[in-house]
Amino acid sequence: MKTTKQSFYALAVIIAGALLFSCEKTPVCEAVAIVPRPQQVTMQEGTYKARLARLEESISYVTDATLGEEAYVLQIAPKGITVSSSTPAGAFYAKQSLWQMLPAEKGVKAVKLPCCTITDAPAFAYRGAHLDVCRHFFSVDEVKEYIDILAMNKLNRFHFHLTEDQGWRIEIKAYPKLTEVGAFRNGTMVEKNWNQVDSVRYGGFYTQDEIRDIVQYAADRFITVVPEIEIPGHALAALASYPELGCRGEGYEVSPYWGVFPDVFCPGKEETFKFWEDVLTEVMELFPSEYIHIGGDECPKQEWEKCPLCQKRMKEEGCANEFELQSYVTRRVEAFLNAHGRQIIGWDEILEGGVTPTATIMSWRGTAGGVAAAQKGNKVIMTPNSYCYLDYYQSRDVDKEPLAIGGFLPIEKVYSFNPYEGLTEQQQKYILGVQGNVWTEYIKTFDQVEYMLLPRICAIAETAWTLNGRDYEDFALRMQHMRTYFDANGWNYARHMFEKE
């Protein structure tokens, strides 16, 4: 970051973003404590007294076609504030930066802002966060709260994980049993006694009108919702609803257990492909996203090995093994989506049987899948469990933490992630961006979602937006101010980075 003065981030005498009160009781913003860190901040002499009730009226907006799609220039001068951008998205991000310079506390009527010019643009086009609503379900209002957190961090993709073995969460009008049957399970694994299942019926789903509401709410904050419909694994909720879509054709139930199950969709049957196409047709009507995530992870093959229809399909399509059969499924679904102007994202398992050059890979089992895909020329979104799985513990003192799936991922490690590691400069061009994932087997409430998400999503956001020139100590200083917004919004957050353990 370039400045005209000694770096204000290095000033040990202030906490970044601290608001000091002058004799006239007007808070003074002493530092530009923005998260994610802007690309360039140039400080100037003087201050601007912003009256909060009329702040929007004091902003002048300028269209500058030379700026990138999400870039902006925010200028604070003694006489007013100017935002320059080429798109409304850029202006939105400028305002997010401006709001972070304001006090989070209620009742403040005015603030003195330092005169400066912030010139900013994201490092990556895809900056995402994922939420699993299948293992545990969250209300529309809670999903919107999640989106608000993403917006504050200048994230622009919400990966909405909607189908699983433990529940189908989206209304599909052509297949009403998906929500009548598939949205509910007859019990859930009992914590710390995994062989036991309670008898409490659990579930829920989003109507199509609710989905439209969520999509619009996100769009208003320049966030694209990327839906995920699992194909061909993690299918028990769908098979319980329509058992004819499985190889056995009977005996399925929405799973009360977590894990990976052998019961998957049967690609030997044409009606399975009709089902997928019908479902995806309705999904495309609801989600304008260029990308549709088709899952593809953790798909056991043993049912296919003994299914005569699957073996017949393999022979007809020249598949040497069941991995190539899954590749056939992926290619065929991709062709259908491509014909409707959409692109696919799949978890890195879809590489195993071969993929088309147009498939986008989401690398979760470490970074190896992403590196291999980029080397082949496929687009990649990096979300390795080693850095980006926010359902992992944040402290080694697990007895003081909410029950989690395992692992240990403190915010310092999240922040250290380099999505370009192991790639040449040419291969780096295939990395679309990064994403944090929140899987919810062990997350029952939205209060706990917030705890697992915050503040680690801020570290992911800084990697996605800033990338170069990151410094954890500097980030930690700015986060002292960011936490005041967590408090003001009533969000539950982990305090490890703010307090000595």
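Author: Helices are DSSP runs of H or I, at least four residues long, numbered from the N terminus. Residues 308-317 form helix α8. G318 comes next, with a positive phi near 70 degrees.

Author: This is a predicted model, where local features need pLDDT of at least 70, side-chain atom pairs need 80 or more, and totals for chains, interfaces and linings use all residues. Numbering runs from 1 along each chain as written, and side-chain values use heavy atoms, without hydrogens or water.

Reader: Which residues of α8 are called buried, and why?

Author: C310, R313 and M314. Each has under 20% relative accessible area (1.4 Å probe, protein chains only), so each counts as buried. They span an arc of only 100 degrees around the axis (taken from the directions to the C-beta atoms), so they lie on the same side of α8.

Reader: What is exposed on the other side of α8?

Author: P308 and K315. Exposed means over 50%.

Reader: What do the buried residues of α8 pack against?

Author: Three helices: α6 (270-286), α7 (302-306) and α9 (322-339). Contact means heavy atoms within 4.5 Å.

Reader: What makes a space a cavity?

Author: On a 1 Å grid over the protein atoms alone, a 1.4 Å probe fits there but cannot get out. Four cavities reach 30 Å³ or more. Lining residues have an atom within 4 Å of a grid point.

Reader: What is the average pLDDT of the chain?

Author: 94, on the predictor's confidence scale from 0 to 100. Of the residues, 95% score at least 70. Residues 1-24 fall below 50.

Terms used:
On a 1 Å grid over the protein atoms alone, a cavity is a set of points where a 1.4 Å probe fits but cannot get out, and a pocket is an open set with protein on both sides within 12 Å along at least five of seven lines; lining residues have an atom within 4 Å of a point. Grid points are joined across faces, edges and corners, and a volume is the space filled by probe spheres set on the points. Helices (H or I, at least four residues) and strands (E, at least two) are DSSP runs, numbered from the N terminus.
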